[in-house]
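Good morning. Please look at the structure on the screen while I speak about its charged pairs.

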Amino acid sequence: MAQEVRGVIAPGRNEPVRVETIVVPDPGPGEAVVQIQACGVCHTDLHYKQGGINDEFPFLLGHEAAGVVESVGDGVTDVAPGDFVILNWRAVCGSCRACLRGRPWYCFNTHNAKQKMTLLDGTELSPALGIGAFAEKTLVAAGQCTKVDPSVSAAVAGLLGCGVMAGIGAAINTGNVGRGDTVAVIGCGGVGDAAIAGANLAGASKIIAVDIDDRKLATARTMGATHTVNSKETDPVEAIQELTGGFGADVVIEAVGRPETYKQAFYARDLAGTVVLVGVPTPEMKLELPLIDVFGRGGSLKSSWYGDCLPSRDFPMLIDLHLQGRLDLAKFVTETIQLDEVEKAFERMHGGDVLRSVVVL
C-alpha cells in the first residue's frame, strides 16, 4: 500500500519551500522505501529551488540523508528491512564500461527508483539527486542504500551522502594526498572543510586553507588546517608558494568552482603537482590558460565526481573512523532543525552562518 508522509517541496523557481503531504509507493523491483532519520541541508538543494539544475518542478528536496530501510522490492539482496543506511545519489550499475574496467566510482549509468512519488493530487515529484529525503520516508533504488554501523548518529552519518564525502574524497581518492604532502584548499565551505579533514586524515604535513571569510578560516583550523590565507587581503598564489618553500603545494583542491579560483589553484601547485576541481561551476563559465603553462608545469588536472567515492567501500570505512575518534564528523553539524525550518536554513546558508543545518525527523 502506498503511504502518505510529510515532505518539503520546491513548487517553482525561487518560490519558498513548503511542507506537503506526499505519496510514497510500495517499492518495486530493485527499489527500497527508507524511513528518514536525518538529512543535511546542502547547497545543491538551494540550486534546485532556484532552478539552477533544471525546471522539473515541483522538486522533493533533500539528498544528504541516513535512515532505516522499511521495505524492499523484488530482487533486492544487499539491504533488508531494519538496516541502518546512508543514501547516495550515484548507485553504480555494475555493467557499464567503467564498472567492467574495475572503476565503478566512475559509473556512467547510475540509476534511481523507477516509480515516482507524488502529491495527493497525483502530481509527480522530481526527487533531488534521485533521493528526495526532506521527508519522513522516501523511495530510492536499493543500490542507493549503503549499510553502516547503526551506532553512529544519523545526523552525522547522512553528511557522507553528499558534501562531506565529496570533500574527503577529493583529497583522498582524487588527489591521492599522502603522508608528508603539502595541500592547499581554496574555498572553506562544507566541501572545502571536508577536503581539509581528508588531507589531515591522509597525513599531509601542511594544509593551507584559503578563503575570503575569516570566520570560515577559523573553522578550517578546527578541521585540520595548519595555515590560513585570507585571499581578500593577500595574493593566495604568493602566500601558498611562500608557505611551501617557494615551490607551491603538492595538491591544490579548488572547492569554489570559479575560473578565478581555478587559476589560483593552477599556479599555486608545485611542478608536477595536482589540481583537483571539486567546486561546481555554472554552464556559462569559461577558463583560459596558456597552453604552454599547462604543458610546462606537468602534473595532473583532475575533476572530482562525488569525491570519486564508492559508497560500499568508503561509507563504512569513514563511519568506522568516526566511531574510533579519528575523524570527527560531528564538527560539520552546526544545528539540527525540523522539516518546516528548511527555508530559514537556506537563508542562513546563503549568509555563511552555518556549516551544515541538519533536518532531524
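Predicted model: local features only at pLDDT ≥ 70, side-chain atom pairs only at ≥ 80, totals over all residues.

With which residue does E70 form a salt bridge? The partner is K137, and the closest N and O atoms are 2.6 Å apart. A salt bridge here is a side-chain nitrogen of Lys or Arg within 4 Å of a carboxyl oxygen of Asp or Glu. The pair links distant parts of the chain, with E70 in strand 5 (residues 64-72) and K137 in strand 9, 67 residues apart. Strands (E, at least two residues) and helices (H or I, at least four) are DSSP runs, numbered from the N terminus.

Residues are numbered from 1 along each chain as its sequence is written, and side-chain values use heavy atoms, leaving out hydrogens and water.

Is K137 buried or exposed? K137 counts as buried, at 15% relative accessibility, whereas E70 is partly exposed at 29%. Buried means under 20% relative accessible area, exposed over 50%, and partly exposed in between (1.4 Å probe, protein chains only).

Let us turn to another pair. R6 and E136 meet through their side chains in a salt bridge of 3.0 Å, N to O. R6 belongs to strand 1 (residues 3-10) and E136 to the loop between strand 8 (126-127) and strand 9 (137-141), so this pair ties together parts 130 residues apart in sequence.

Finally, D353 forms a salt bridge with R215, at 3.2 Å between the closest N and O atoms.
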